[in-house]
Amino acid sequence: MVDFGLSEEQREIRAWVRTFVEREIMPLENEVLRREREGAAPGLNAEEVRGLRELARKSDFWGVQTPVEYGGMGLDAVTAAIIETELGRTFVTFKFGGEADNILFHANEEQKQRYLLPTIAGERRSCFAITEPGAGSDAKAIRTRAAKDGSQWVINGEKTFITGGCEADFAMVFAVTDPELGADGGVTCFLVDREAGWTSEPIDTMGERRPASLVFDDVRVPEANVLGEVGKGFQLAMQWIGKGRYLLPARALGGCERMLEMSIDYAKTRQTFGAPIAERQAIQWMIADSQTEIEALRLLVLNAAWQVDQGRDSRHAQSIAKLFGGVKANEIVDRMMQIHGGMGYTRELPIERWYRDLRLLRIFEGTDEIQRRTIARDLLKGRVKVGETLR
Ligand SMILES: Cc1cc2nc3c(=O)[nH]c(=O)nc-3n(C[C@H](O)[C@H](O)[C@H](O)COP(=O)(O)OP(=O)(O)OC[C@H]3O[C@@H](n4cnc5c(N)ncnc54)[C@H](O)[C@@H]3O)c2cc1C
């Protein structure tokens, strides 16, 4: 049986988030754009985020995918994708509170008290640090070294493009503990408090995100700060990256929906040569192509999320959703800018903002080329068979 319908609960949650976004976040959009035009830090400030999170919490909207025993909602991946799409309808980045990186749930009891629980509570912030100046797509090439000295590990190396690296209270750092084994049993994940002595510098980008470069210069951590097992860090890193890949195109989907709505409204009112541009076939085709791709993307995202919920190996489906989402969202935002003409190019409207932000989707958490590599490899090695992805 194939059922494309949402459950009653999913419909209710979607409606609740849509109302929250329309009532609480969209009214902040003009102010966010104004501040950015004046050179202020992009996005919401910490106080605004806190206020919105508390407001949501009063409606028990807290910890979307955090297990119920940790005070979260414990929602499934499909519902999380639906929520992410609704949040994506505004360009103002917002995440509900009560979340922690999936790999922190591998922490032992003592680490849970120091890292997991305070992160869920919003008292501490984490960052995920694997990328290095010499190792991005080829994450196995990391060189940051952790060497044992008595009961401590001494970390040396540099990480780059680390989201939240300037704000984080602790980093989940991936370092080589056995150079001979490398990623195959020789990489370990460490929980490293900022007080341990690592430094961070912001990296300016064309979009909202300001990732950081992190420097570890003889940073010492006790044995107790190994997350999981010594030598099993690379698997944890892949688990972090793989868990929520479908959420990235899910958010882009929401942005595309909103821009298409804006473009339809604009096309109906903008007159040229005595008629609304909506009457021109050139404009209608841009609208039709975008709607077609939006609907295809929705199905790919929901299918990838559904496979996660079924406990299947969802990597292939997630790669397809991420690749298609990245490519198509960038084509759609380009068309939506075209429909808006000169206005689309200004900073009065959010389209140029989306144009810059969506470009990242083709680069981080696996570039387009790396997704294609995964998809092709699965087929060439027979791990997935053509036409049998729904099996
Ligand atoms: C804003 C931002 C936030 C980020 N946040 C984080 C974070 O929080 N934590 C973290 O660890 N990292 C983070 N990253 C790093 C990100 O994951 C990497 O930038 C990404 O994986 C690509 O690596 P790279 O930049 O080194 O490019 P490279 O790997 O050097 O690739 C350069 C080009 O070569 C292509 N290429 C590489 N290998 C192949 C191949 N085998 N076949 C064909 N083409 C190939 C790539 O697709 C790309 O087009 C972030 C990056 C950005 C920009």
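This is a predicted model: local features need pLDDT of at least 70, side-chain atom pairs count only at pLDDT 80 or more; totals for chains, interfaces and linings use all residues.
Student: How many residues surround the ligand, and which are the closest?

Tutor: A residue is counted as near when one of its heavy atoms lies within 4 Å of the molecule. Here 17 residues surround the ligand, and the closest are T131, S137, F161, T367 and E369. By class the shell holds nine nonpolar, five polar and three charged residues, where Ala, Val, Leu, Ile, Met, Phe, Trp, Tyr, Cys and Pro count as nonpolar, Asp, Glu, Lys and Arg as charged, and the others, Gly among them, as polar.

Student: Which polar side-chain atom lies 2.6 Å from a nitrogen atom of the ligand?

Tutor: For a polar contact, look for a pair of N or O atoms within 3.5 Å. The polar side-chain atom belongs to T131, while an N or O atom in the side chain of S137 is 2.6 Å from a ligand oxygen, and a polar backbone atom of F128 is 2.8 Å from a ligand nitrogen. Taken alone, the ligand exposes 980 Å², of which the protein buries 64%, with areas from the Shrake-Rupley method and a 1.4 Å probe.

Student: Which element gives the most to the shell around the ligand?

Tutor: Helices (H or I, at least four residues) and strands (E, at least two) are DSSP runs numbered from the N terminus. The helix α12 gives the most, with three residues, and the elements that give two or more are β3 (152-162) and α12 (368-380).

Student: What lines the second largest pocket?

Tutor: On a 1 Å grid over the protein atoms alone, a pocket is an open set of points with protein on both sides within 12 Å along at least five of seven lines, a cavity is a set where a 1.4 Å probe fits but cannot get out, and lining residues have an atom within 4 Å of a point. The second largest pocket is lined by 29 residues, with L302, N303, W306, Q307 and L390 nearest its centre, and α8 gives the most to this lining, with eight residues.

Student: Which residues line the largest cavity?

Tutor: The largest cavity is lined by G242, R245, R315, Q318 and S319, and α9 supplies the largest share of that lining, three residues.

Student: Where do R34 and E31 sit relative to each other?

Tutor: Side chains of opposite charge can pair when their charged atoms come close. A salt bridge needs a side-chain nitrogen of Lys or Arg within 4 Å of a carboxyl oxygen of Asp or Glu, and R34 and E31 form one at 2.9 Å, N to O. These two residues are about one helical turn apart, because three residues separate their positions in helix α2 (residues 29-37).

Methods: Residues are numbered from 1 along each chain as its sequence is written. Side-chain values use heavy atoms; hydrogens and water are left out. A polar contact is a pair of N or O atoms within 3.5 Å; within protein, one must be able to donate a hydrogen and the other to accept it, and residues adjacent in sequence count only if both atoms are side-chain atoms.
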